[in-house]
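Me: I'd like to go through a sheet and a pocket together. Could you take my questions one by one?

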Amino acid sequence: MLKSLVRAAGAAVRLSSAPSAAARVLPLSCPTIRSPGSVGSRPFTRSLWMLNSNGASSGYRPKLFSSKILSPSVSCGCGGLHTEGDKAFGNFLSDEIKEEKKIQKNKTLPKMSGGWELEMNGTEAKLTRHLSGEKVTVTFNVNNSIPPSFEEEEQQQKSAEEEPEIVSTPNFVVEVTKQNGKQTLVFDCHFPEDEISHGEGEEESDIFAIREVSFQPEGDSDWKETSYTLNTDSLDWALYDHLMDFLADRGVDNTFTDELMELSTAIEHQEYIKFLEDLQGFVKCN
C-alpha cells in the first residue's frame with residue numbers, strides 16, 4: 001500500500017563507488033544482528049586494489065593500464081565505443097560474478113514462517129498475513145540496506161575466514177488494517193545500530209525498533225503529512241512496550257525480524273549479482 005512510506009534514509013548506505021563487493025561489509029559493531037548463522041549472510045569479496053589502499057572512499061585508484069580507445073566494434077554489432085579499459089572491466093566483472101555466485105547461500109528465496117505471503121516488485125518486498133479479521137502487511141526495500149564499514153584498514157589485515165559477513169538490515173513498514181476499517185495503523189520500523197534495552201533485568205532485547213506510528217487512510221498509497229505522526233524518541237516506555245507487544249501479537253517479533261533479515265539478505269544478493277551481470281552486458285555491449 002504505502003510504497004513511499006520508507007521515507008527516512010536507510011540506516012546505512014552501500015559504498016556505491018567501490019568497483020567490487022569489497023566495500024560491501026558490515027560494521028565491526030552491530031549488536032542488532034544475531035550470529036551469522038541465524039541469517040542468510042555472505043562474506044564479502046575483496047579486490048586486489050583494496051589491499052593497497054583505503055578503498056573507494058580514499059579517492060585512490062591505481063592505474064591498471066592506459067585507456068586506449070579502439071575503433072567502434074563491428075563484431076558485436078552495437079557500433080559503440082570500445083576501449084582496452086572496457087575489455088579489462090568486462091573481464092573483472094566476469095570474475096566478480098563467479099565469486100559472488102560461489103558464495104551465494106540461497107539460490108532460491110527462503111520461506112517465512114507464520115503463513116506470510118511474499119510479493120516482489122523489483123527490490124521491494126511485501127509480506128502479507130491475514131488473521132482474525134485483520135490484514136497485516138510488512139513492506140521493505142533492499143536498496144541501501146547494507147551497513148557500511150568504517151574500519152577498513154583493520155579489516156584488510158584479517159584473513160578471509162575472519163572477515164565479517166554481509167547482512168541486509170532494511171527499514172520496514174508494518175500496516176495493520178481491521179476488517180471494514182477506514183484507517184490503517186502504520187509502524188515505521190528499523191534495525192538500530194545500538195541494542196535496545198529497557199532495563200538491566202531484561203533477558204532479551206528487541207532487535208528492531210519502532211521509529212514512528214501514524215494512522216493513514218485505508219487504501220491510500222501515499223503517506224499524508226497532515227496525519228498526526230507519533231515519534232517514539234521521547235515516548236513513555238510503557239506506551240512503547242504496548243506498541244511492541246501489539247506487533248508481536250500479530251507475528252512481528254524477534255523471530256520474524258530474524259527471518260526478514262535472512263530474506264532481505266538473499267534478495268539483496270540476488271539483485272547485486274543481477275546488477276553485475278547487467279553491468280557486464282552493458283560494458284560488453286551484449
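Reply: Helices (H or I, at least four residues) and strands (E, at least two) are DSSP runs, numbered from the N terminus. This is a predicted model, where local features need pLDDT of at least 70 and side-chain atom pairs count only at pLDDT 80 or more, while totals for chains, interfaces and linings use all residues. Residues are numbered from 1 along each chain as its sequence is written, and side-chain values use heavy atoms, with hydrogens and water left out.

Me: How many bridges join E4 to E5?
Reply: E5 covers residues 124-131 and runs antiparallel to E4. The number of bridges joining E4 to E5 is 5.

Me: In what order do the 7 strands of the open sheet come?
Reply: The pairing is antiparallel. Strand E4 (117-121) and strand E11 (229-231) are the edges, each pairing on one side only. The order is E4-E5-E6-E8-E9-E10-E11.

Me: Which residue in the turn of the E5 and E6 hairpin has a positive phi?
Reply: E5 and E6 pair in the antiparallel sense over 8 bridges, and histidine 130 has lysine 135 in E6 as its bridge partner. The hairpin leaves 2 residues between the strands. The positive phi, about 45 degrees, belongs to serine 132.

Me: Why is E6 largely enclosed by the rest of the structure?
Reply: Count buried residues here, buried being under 20% relative accessible area, exposed over 50% and partly exposed in between (1.4 Å probe, protein chains only). E6 is largely enclosed because its buried residues number 6 of the 8.

Me: Which residue in E8 is the bridge partner of threonine 139?
Reply: E6 and E8 run antiparallel and are joined by 7 bridges. Within E8, the partner of threonine 139 is valine 173.

Me: Which element gives the most to the lining of the second largest pocket?
Reply: On a 1 Å grid over the protein atoms alone, a pocket is an open set with protein on both sides within 12 Å along at least five of seven lines, and lining residues have an atom within 4 Å of a point. Of the 13 lining residues, the closest to the centre of the second largest pocket include Ala209 and Tyr240. Two or more residues come from E10 and H3. The element giving the most, with 4 residues, is E10.

Conventions:
Two strands pair if DSSP finds at least two bridges between them. On a 1 Å grid over the protein atoms alone, a cavity is a set of points where a 1.4 Å probe fits but cannot get out, and a pocket is an open set with protein on both sides within 12 Å along at least five of seven lines; lining residues have an atom within 4 Å of a point.
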